[in-house]
Amino acid sequence: MTLTVVKSLTYPVCVELRLISTAAHGTPGFAVAAFDVSHWREREASLAHALHHDPLTGLENLIALKEAIGAAQDEAELTRTHAGLVLLDIDDYQRINRALGYNAAGDELLRETARRIQHTAGQSERVARVASDECAVLLPPGTTAELAEGLGRRLLTAIAQYRHRGQPTHLSASVGVALYPDQAEKNARNSVQTSLLRMADLALAQAKEAGGNALVFYTLDDNPADAERLKLEADLYEAVRNGEFSLFFQPITKIHTGAVVGVEALMRWNHPVHGLVPPSTFIPLAESIELVNYLGNWVLKAACMQIVQWDAVGIRLDYVSVNVSQQQFRDKRFTAAVKKELALIGIDARRLVFEITESLLMHDPEEATRLLEALTSIGIRFAVDDFGTGYSSLAYLQRFPLSKLKIDRSFVENLITSRNNRAIVSAVVGLAQSLGLELVAEGVETEAQRDLLAELGCDHIQGWLISHALPSDELARSVSVEFAHVA
Ligand code: C2E
Ligand code: CA
Ligand code: CA
């Protein structure tokens, strides 16, 4: 038989092979069918492309970069070399965007910046857009600190001059550079090495803090405090896994009768080696690694459950006060999470007070008002914590739906000796009265302080004079007389 090739076509096929045995012939045979799957392949490829690329600049996106970083880190460890990452964030992009006058101009600026970064980076380096005005360049294993830093500096120069409709615009950026693995860090941590992305991100944050137009190389600097912090950071993840947190409660009492009206829930971390780690150490750490939302939800749940337990044994408190951190408050899911928790445990929202700081309120007063209104509408009350230490506009204070002010411990501490502090407390008493807010003085340690506070018109106190913060069962035992008074 002669076969003549008429036309040669190459395309991907899916082949189906079937064994056929027909009764008539008795001998089995094969049926082969081939389907042209070039359309599927194209669709698959375009989906994968869309998933891994940024539509505005055409660069790879964060998903693709993370995958590439993971592979580069593995390879660097295997080959005992270093991979590098340069993160670049345009300074003041929002302001420039506004100054250019319209969004399309801002988009064009981003596209142009992306082009220049790509042009400056080498062939083997991967460029990605990881956030609205943030790009990254991944240097493959085999790179050095000098190469990575050199690239960062060239990027700063490459994007500096920009023309928009003939008008020169000066652009600056903050650059964070890191190398993986980082030996100093590896020694300090003794366990998992921080990822390249996180190290570069920390360096970038420092560059921004320095006021922008700066390049910072991630280093641990052999600083023992840094090493200690990193170790604690690793332990904090472990603590979440092992449930090493607990809640202590400190009573808040009426200044004249001593009756306990509520308690403040204060978190404790029972570290397997260091013992009780104070929240002033681990809350900022939890904020920096975005664990604080998780911890905040845990506190809320534990506080609600404690209310139920106390109710069941006849200890009926007006409220439990819970500290809410800035990050938690700003999380879009916060209101929904609170409502869900309340519904789940089945307690009345009026039994909860959220303590927030002045700076949290003043950061974005409009947004804060909206959030406060959403939560007060279901019954939650708000107290301003550490009052007097931040800066709050009195005009604004009046607009927030608040219930309490907690005057900061620092004013109470020197109350007896400082006329100034007495004048401040007196003014805050007047302010609370005129705004119809309950006032709690924090950190009351002596009878003399309590008596003077009463004289100045303060109605509630909290502090070691009454009780330290204690685990729920100890607290119930130690202040049972006062609890009974309320019940
Ligand atoms: P804070 O909200 O101002 O809590 C009051 C702090 O003062 C507590 O420290 C308490 O133990 C301490 N204190 C109470 N009475 C006295 C006193 O008479 N004298 C002195 N010297 N201190 C007194 P603590 O428990 O170490 O908490 C420190 C801070 O950590 C809290 O300050 C709060 O800002 C934060 N924090 C605690 N628990 C949580 C939490 O669950 N979530 C959040 N986001 N922050 C928390
Ligand atoms: Ca507080
Ligand atoms: Ca406080």
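User: Where is T143 found in this predicted model?

Analyst: T143 is found in a loop of the predicted model. The loop runs between β5 (134–139) and α5 (145–160).

User: Why is T143 called buried?

Analyst: The relative accessible area of T143 is 9%. Buried means under 20%. The value of 9% falls under that cut-off, so T143 counts as buried.

User: Which residues does T143 touch, leaving aside those up to four places away in sequence?

Analyst: T143 touches H82, A83, G84, A148 and L179. Contact means heavy atoms within 4.5 Å.

User: Which residue coordinates both the calcium ion (ligand 2) and the calcium ion (ligand 3)?

Analyst: D385 coordinates both ions, which are 3.8 Å apart.

User: Are N323 and D385 buried or partly exposed?

Analyst: D385 has a relative accessibility of 9%. Under 20% is buried, so D385 is buried. N323 has a relative accessible area of 29%.

User: What makes strand β11 (residues 260–271) mostly covered?

Analyst: The count of buried residues: 11 of the 12 in β11.

User: How do you know that β10 and β11 pair?

Analyst: Strand β10 (residues 245–254) and β11 share nine bridges, in the antiparallel sense. Pairing needs at least two bridges, so these strands qualify. L247 stands opposite M267 in β11. The two strands form a hairpin with five residues between them. In the turn, G258 has a positive phi of about 80 degrees.

User: Which other strands pair with β11, and in what sense?

Analyst: β13 runs parallel to β11, joined by four bridges. V263 has V320 in β13 as its bridge partner. Strand β12 (residues 275–277) pairs with β11 in the antiparallel sense over three bridges. Here N270 has L276 in β12 as its bridge partner. β11 and β12 also form a hairpin, with three residues between them.

Key. Residues numbered from 1 in each chain as written. Chains lettered and ligands numbered in written order. Predicted model: local features only at pLDDT ≥ 70, side-chain atom pairs only at ≥ 80, totals over all residues. Heavy atoms only, no water. Buried < 20%, exposed > 50% of the residue type's maximum accessible area, 1.4 Å probe, protein only. Donors = N, O, S within 2.8 Å, 3.2 Å for Na, K, Ca; no water.
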